[in-house]
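Colleague: I would like to go through this structure label by label, and to hear for each one what value stands behind it.

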Amino acid sequence: MGDDHSTARPLRADARRNRERVLQIAQEALASDGLAISFDEIARRAGFGVGTVYRHFPTREALFEAVLLGRMERFVADARALATAEDPGRAFFGWFRAVVEQASANQALCEMLEGGAVPAFRRGTTLEADFAAALGRLLQRAQRAGAVRGDLRAEDVQDLLRGCLTAERRARARGGKVPMAEVVCDGMRSHPR
């Protein structure tokens, strides 16, 4: 999945510091500027030549995966941990709101969730399947508990998640804040007829 140097020879202390600096700057740049950020710009912000970035991450995708996949894996791990929560409705809605809150503040995560812009999170990949499966388990439990409408499928919830991210990002650009996650959560709730 992400950049893995576990089988490589350990990095010298200065090389390790450089790699950590590149990752830190890349994380900040991706959060603010999204996936269009260039290696040159990341290197400039880190105070390095572009060769330093390439030495640690041979492709843009390798760097983006190293920065972003950990966040996506955390969303999956959180969903899995909540799959046995005592209150399935609270677990489902809390996870949905947390993903929207965390991802909407990060341009690259939004782009990744919206369209699979990072190869390791495109349709058919293990991480995308893990995300969908973990979301599906939370949804099914919440539906069985009567907290979520029974006519929603996991794919529908993913589309609603993507819509929330777009709305939140657009609201921020206008200088406002839209409680889109709350609006969507209200729409997903089971309501007695």
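Modeller: Let me begin with how elements are assigned: helices (H or I, at least four residues) and strands (E, at least two) are DSSP runs, numbered from the N terminus. This is a predicted model, in which local features need pLDDT of at least 70 and side-chain atom pairs count only at pLDDT 80 or more, whereas totals for chains, interfaces and linings use all residues. Residues are numbered from 1 along each chain as its sequence is written, and side-chain values use heavy atoms, with hydrogens and water left out. On that basis, Glu168 is found in helix H8.

Colleague: What makes up the secondary structure of the protein, in helices and strands?

Modeller: The assignment gives 9 helices and 0 strands, and along the sequence the pattern reads α-α-α-α-α-α-α-α-α.

Colleague: Why does Glu168 count as buried?

Modeller: Buried means under 20% relative accessible area, exposed over 50% and partly exposed in between, with a 1.4 Å probe and protein chains only. Glu168 has 3% relative accessibility, which is under 20%, and therefore counts as buried. Over the protein, 41% of the 193 residues count as buried.

Colleague: Which residues is Glu168 in contact with, leaving aside its neighbours within four places in sequence?

Modeller: With contact taken as heavy atoms within 4.5 Å, Glu168 meets Val100, Ser104, Lys177, Val178, Pro179, Met180 and Ala181, once neighbours within four places in sequence are set aside. Ala181, in turn, lies in helix H9 (residues 180–188) and, at 9% relative accessibility, is buried as well. Ala181 and Ala98 are 83 residues apart in sequence, yet their C-alpha atoms are 9.1 Å apart in space.

Colleague: What makes Arg169 partly exposed?

Modeller: Arg169 is found in helix H8, and its relative accessible area is 24%, so it falls between the 20% and 50% limits and is called partly exposed. Leaving aside neighbours within four places in sequence, Arg169 is in contact with Gln107, Cys110 and Glu114; the C-alpha atoms of Arg169 and Gln107 are 8.0 Å apart, across 62 residues of sequence.

Colleague: How do you know that Gly94 counts as partly exposed?

Modeller: Gly94, which is found in helix H5 (residues 88–104), has a relative accessibility of 28%, a value between the 20% and 50% limits, and is therefore partly exposed.

Colleague: Is Leu30 buried or exposed?

Modeller: Leu30, in helix H1 (residues 13–33), has a relative accessible area of 0%, which is under 20%, so it is buried. Not counting residues up to four places away in sequence, Leu30 touches Leu35, Ile37, Phe64, Val67, Leu68, Asn106, Gln107 and Ala108.

Colleague: Why are H7 and H8 described as roughly perpendicular to each other?

Modeller: Two packed helices are described by the angle between their axes and the distance between the axes. Axes here are lines fitted to C-alpha atoms, for helices over the stretch in contact, and angles run from 0 to 180 degrees between N-to-C directions. The axes of H7 (residues 126–144) and H8 (residues 154–173) come within 9 Å and cross at roughly 105°. Angles under 35 degrees count as roughly parallel, over 145 as roughly antiparallel, 65 to 115 as roughly perpendicular and the rest as oblique, so H7 and H8 are roughly perpendicular. In this contact, Glu128, Phe131, Ala132, Leu135, Gly136 and Leu139 of H7 meet Ala154, Val157, Gln158 and Leu161 of H8.

Colleague: Where does UniProt place the feature "DNA-binding region"?

Modeller: The unreviewed UniProt entry places it at residues 38–57; that span is 75% helix and 0% strand, and its end C-alpha atoms lie 13 Å apart.

Notes: UniProt positions renumbered as here; feature names shortened; annotations may be inferred.
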